[in-house]
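Have a look at the structure below, and keep it open while you read.

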Amino acid sequence: LKLFAQGLCGTDVLIQSLPEVANESDERLPRARVEADGRTIALPAIIRRCPTREENVRLYMVMTAHEAGHLEFGTYRMDLAAVCELGATVGARYRPGACPSIQALGDLFALYPQPGLIRDLWTVLEDARVEYRLQHEYPGLRRDLSARAREAVQTRSLLHGLSAREMVVDGLLLLSTAGPGT
């Protein structure tokens with residue numbers, strides 16, 4: 001997986017295991033991610049989501065490709081000056097008189113009245129951007145990326161404990177994973 005990720009993003013990366021999940025009855029996979037150092041991809045230690053070993057290995061590859069895509073396509077190479085400028089605009093609107101200090105995206109999100117919502121929206125949009133770029137740069141991954149995205153989005157409702165806000169974010173996630181013409 002390390003060589004695969006390095007081949008995609010063109011930089012040295014490390015692969016590490018995510019901490020074990022306490023609740024094994026939970027069918028959702030722990031969320032793969034790029035760590036704060038910007039070069040470590042954290043993946044679940046074991047995946048037994050699919051019926052065969054080959055399908056589980058393929059799932060690892062898709063998860064790795066997605067996280068390497070964040071590295072390749074610049075998710076973590078943001079122009080801090082531009083983020084600070086946006087922070088000043090957001091701060092003036094929602095926190096007049098405050099002098100925001102922006103060191104990371106979390107600082108920008110904190111300026112909004114609902115930071116969690118802004119973080120979730122940014123994550124949905126950034127994941128959709130990375131998936132789009134991966135599918136166009138690496139057409140051989142297209143089918144697997146699309147299938148994984150569809151699996152990641154579970155149809156949920158207020159009956160499943162979602163708030164109206166979470167349902168809107170879920171709806172956007174569904175739209176971002178839909179194929180052309182669906």
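In this predicted model, the side chains of T75 and H70 are joined by a polar contact of 2.9 Å. The side chain of T75 also makes a polar contact with the side chain of E126, at 2.5 Å. Here are the two side by side:

| Side chain | Partner side chain | Polar contact |
|---|---|---|
| T75 | H70 | 2.9 Å |
| T75 | E126 | 2.5 Å |

Is T75 buried or exposed? Its relative accessibility is 4%, and buried means under 20%, so T75 counts as buried. Leaving out residues up to four places away in sequence, T75 touches H70, W122, E126, R129 and V130.

Helix α2 spans residues 53–72 and helix α5 spans residues 115–137; their axes come within 9 Å and cross at roughly 100°. Angles of 65 to 115 degrees count as roughly perpendicular, so that is how α2 lies relative to α5. On the α2 side, the contact is made by A65, H66, G69 and H70, while α5 contributes E126, D127, V130, E131 and L134. What kinds of residue meet in the contact of α2 with α5? They divide into three nonpolar, three polar and three charged.

**A sheet of three strands**

Now turn to the strands. They form an open sheet of three, in the order β1-β3-β2, with mixed pairing. The edge strands are β1 (14–17) and β2 (33–34), and each of them pairs on one side only. Helix α2 packs on this sheet, where it touches β2 and β3, and its direction makes about 150° with that of β3.

Strand β3 (residues 40–43) runs parallel to β1, and four bridges join the two. Within β3, A42 has Q16 standing opposite. With β2, the pairing of β3 is antiparallel, over two bridges, and V34 stands opposite I41 in β3. β2 and β3 form a hairpin with five residues between them, and G38 in the turn has a positive phi of about 75°.

Which way do the residues of β3 point? In a regular strand the side chains alternate between the two faces of the sheet. In β3, T40 and A42 point one way and I41 and L43 the other way, and all are buried.

Notes
Residues numbered from 1 in each chain as written. Predicted model: local features only at pLDDT ≥ 70, side-chain atom pairs only at ≥ 80, totals over all residues. Heavy atoms only, no water. Axes fitted to C-alpha atoms, helices over the stretch in contact; angles between N-to-C directions. Parallel < 35°, antiparallel > 145°, perpendicular 65-115°, else oblique. Contact = heavy atoms within 4.5 Å. Nonpolar A, V, L, I, M, F, W, Y, C, P; charged D, E, K, R; others polar. Buried < 20%, exposed > 50% of the residue type's maximum accessible area, 1.4 Å probe, protein only. Polar contact = N/O pair within 3.5 Å; in protein donor to acceptor, adjacent residues only side chain to side chain. Pairing = 2+ DSSP bridges.
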